[in-house]
Amino acid sequence: MELKTIQTQRVPVRYYEGGAGRPLVFLHGAGGLDMDLGFLDSLARKFHVYAPLVPGYGDSEECSELRDMLDFTLHTWDVVEQLGLKDPILAGLSMGGMIASEMAAIAPNDVSRLALIAPAGLWMDEHPIPDIFAMLPYELPGYLFYDAEAGAKIMSAGADMSDPKFLQAFLVQNARQLGAAGKILFPIPERGLASRLYRIKAKTVLIWGEGDKLIPPVYAQAFQRGIAGAEVVMIPQAGHVAPFEKPADVIGAIARLQ
Amino acid sequence: MRFTWFNLMPWPYLPDDFREKNRSVWVDIDSNLFDPVKSHQVYNNYLDLLEYAAKLGFDGIGVNEHHQNAYGLMPSPNLIAASLARRTDDVALVVLGASIALYNPPLRVAEEFAMLDCISGGRLVAGFPVGTSMDTNYCYGTIPGLTREKYQEAHVLIKRAWAEREPFAFNGRYTKLRYVNAWPRPIQQPHPPIHIPGGGSIETFDFCIDNTYSYSYLSFGGYIRGQALMQGYWDRVAERNAPDTSPYRAGFAQTICVGETDAEAERLYAKHVSYFYNRCLHVYPGFADAPGYRTIKTIQKGILSQYAPHTMFQEFPWKELVDNGSVIAGSPETVTHRMEDLIKKLRVGNIFCLMQIGDMPRDKCMHSTRLFAEKVMPKLRKMFPDYAPEYVNDGRFWCKPLAVRASPGALPVESDPVGADR
């Protein structure tokens, strides 16, 4: 994958690009793309992959003009437009799945294939989604990974919170990334998508880690009820970060859209 | 010097094993720990103490806003201030303050502050905090990354509502109003003095300097630890070419306990100080700083929240708290000496005296308060005498009450209702 920059109306956008085949736009979750680069490499063996960063993620410029769901949705359409893509497969993980759903709902005739991996965007009082904004770094793996212990090792690799320099860099990254994500996820990751899901015309696959402890699999059924003809693919032995934990299974599920 | 007796209104019945059994004193604190019947006495006791401080000659009595918080029982500081307005006479009512970004529309704050100023005869000192992340983001659901923008817009609306004399349309991003027409408006013109409590954001420093507002650092960490932050503020005052360096551009909150002797202070107050520092400040670090609440610039300056994780799980003994300046405690002489040190080192004209500490009972609080008022305060009055005379007790940062004010409760016996029309 190659990291490139494209200019959009509001802000330069950083994106990864690689592979060949049918174009596929992958939208990352609130954690960013770092953990999914391996997954994207594999995905690029089947598709021409474009993975833009939400402004503020990685080394990309922040954009204070993106404030609400409509801003995020239209901005991401601007990115697709600038990439010169027509009807790419839209895929998104968690927050990225929420944005992809909104894009497909707002412009149903422009999206014919939609892959939603544990998307955010719905809320059921009887199944509250844990508050990632109040979690300490050591608490995250338990919610994100199927194997929390292995996840903790991956997430803490190279992290030394007692080193002030590291701590400051960590806080800056958190403020930039989760600060941006908070615009559509804080305090409740729901911005009215439920009332718009019916507009989606795309052939849709809902991909969910069976052991997802952040957005529990019961939400797969809720999305399925809202999107006509959507298919659910459950991934065994995977948590919320299924693309990281079971890349082949997730890619196989996306490939069903072909 | 201006001394404000400040009451956070802590809940005094947190159990001994509070820290072990609860993750946070704030946001998701166990609702069962609050007892409404007991709170009746607690509130009235705290109001009595504020009124007592006014009688002893403090310049101001102070209240502030917290939500879902066992060390601050005032979700609505304006309600408390309204009650104090009627029961006090010449003391400033320092509301530090109402979190202007949390009200919809924020015009509500302009109205309530105007009411307080009118009822009290121009005794309001108005605070406009951004609010802590715990209150603003976690309790009241404001999106962290938009909090400052929302705050700025609320500030513009309130200032315009107080200043303009014709109804106007306000087309904000967060508030849209067709007819802004503040009724009532404050007595103090162009507006009551404004204090901004802050926790070290560069943007808040600049906001105060540019608008001639007083910057208040409401820390519990004491003056020695607060020095770096206040120096940062004064450096910024110089950098931005403020027209003067009046000490009233700054305020500082300090926990203070006065006894007849140093030993008495420890004997009387140590357990209540421990209650506050070891139970009331037990805040879950996950609530300390929602990502996006602080600006990148502020994080890069390295001024981290006083609620940052490294301070959370220590046990603070009396000696350490006194030595490191978190608490200024001792005989009147000791306290005077340390207060002089504080006032000089931080260059602050406004002192917010935190004297109702944790579960301190009324008699002890009165004792400490009286000793401070009688034996410490008079000796500190003349600080900054060498400062430019026009800024001694700088009026830009303090209230200007009406010369002639109403006497509450002074109705005559009803005698001649018909004659009233003549």
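# Questions on a predicted two-chain model

Trainee: Which residues have the most contacts inside the largest nonpolar core?
Mentor: Keep in mind that this is a predicted model. Its largest nonpolar core has 200 residues. Those with the most contacts inside the core are A:Ala91, A:Ile207, B:Ile61, B:Leu93, B:Phe252, B:Cys353 and B:Phe372.

Trainee: Where does the largest share of this core come from?
Mentor: Look along chain B for this one. The largest share is 8 residues, and it comes from helix α9 (residues 262-280) of chain B.

Trainee: Is B:Ser274 buried, exposed or partly exposed?
Mentor: B:Ser274 has its place in helix α9 of chain B. A residue counts as buried with 20 or more C-beta neighbours within 10 Å and as exposed with 12 or fewer. B:Ser274 has 18 inside 10 Å, so the label for B:Ser274 is partly exposed.

Trainee: How many Å apart in space are B:Ser274 and B:Phe6?
Mentor: In sequence, 268 residues separate B:Ser274 and B:Phe6. From C-alpha to C-alpha, their distance in space is 19 Å.

Trainee: Which residues does B:Phe252 touch, leaving out those up to four places away in sequence?
Mentor: B:Phe252 is among the core residues with the most contacts. Its partners beyond that sequence limit are B:Tyr217, B:Tyr223, B:Gly226, B:Met230, B:Leu346, B:Val348, B:Ile351 and B:Phe352.

Trainee: Which residue is the bridge partner of B:Leu93 in β4(B)?
Mentor: Strand β3 (residues 92-95) of chain B runs parallel to β4(B), joined by 3 bridges. Together with helix α4 (residues 107-120) of chain B, these two strands make a right-handed β-α-β unit. B:Leu93 finds its bridge partner in B:Leu124.

Trainee: Which residue in β7(B) is the bridge partner of B:Gly127?
Mentor: Strand β4 (residues 124-127) of chain B is covered on both faces: B:Leu124 and B:Ala126 are buried on one side, B:Val125 and B:Gly127 on the other. β4(B) also pairs in the parallel sense with strand β7 (residues 194-198) of chain B, over 2 bridges. There, the bridge partner of B:Gly127 is B:His195.

Trainee: Which strands stand at the edges of the 8-stranded sheet in chain A?
Mentor: This open sheet has mixed pairing and the order β1-β2-β4-β3-β5-β6-β7-β8. Two of its strands each have a single partner strand, so one side of each is left without a neighbour in the sheet. Neighbouring strands are turned by 25° against each other on average, direction ignored. The edge strands are β1 (2-7) and β8 (231-235) of chain A.

Trainee: At about what angle does helix α9 of chain A run to β7(A)?
Mentor: Two helices can be set side by side here. Helix α3 (residues 95-106) of chain A lies across β3 (23-27), β5 (89-93) and β6 of chain A, at about 145° to β5(A). Helix α9 (residues 247-255) of chain A lies across β5, β6, β7 and β8 of chain A, and its angle to β7(A) is about 165°.

Trainee: What radius of gyration does chain A have?
Mentor: Chain A has 9 helices and 8 strands, and 47% of its 258 residues are buried. For 258 residues, a compact globule would have a radius of gyration near 18 Å. The value for chain A agrees with that: 17 Å.

Key
Residues are numbered from 1 along each chain as its sequence is written. Chains are lettered from A and ligands numbered from 1 in the order in which they are written. This is a predicted model: local features need pLDDT of at least 70, side-chain atom pairs count only at pLDDT 80 or more; totals for chains, interfaces and linings use all residues. A nonpolar core is a set of buried Ala, Val, Leu, Ile, Met, Phe, Trp, Tyr and Cys residues joined through C-beta atoms within 7 Å. Helices (H or I, at least four residues) and strands (E, at least two) are DSSP runs, numbered from the N terminus. Two residues are in contact if their C-beta atoms, placed from the backbone, lie within 7 Å. Two strands pair if DSSP finds at least two bridges between them. A crossover is right-handed if, with the strands pointing away from the viewer, the path from the first strand over the helix to the second runs clockwise. Axes are lines fitted to C-alpha atoms, for helices over the stretch in contact, and angles run from 0 to 180 degrees between N-to-C directions. The radius of gyration is taken over C-alpha atoms; the globule rule is 2.2 Å times the number of residues to the power 0.38.
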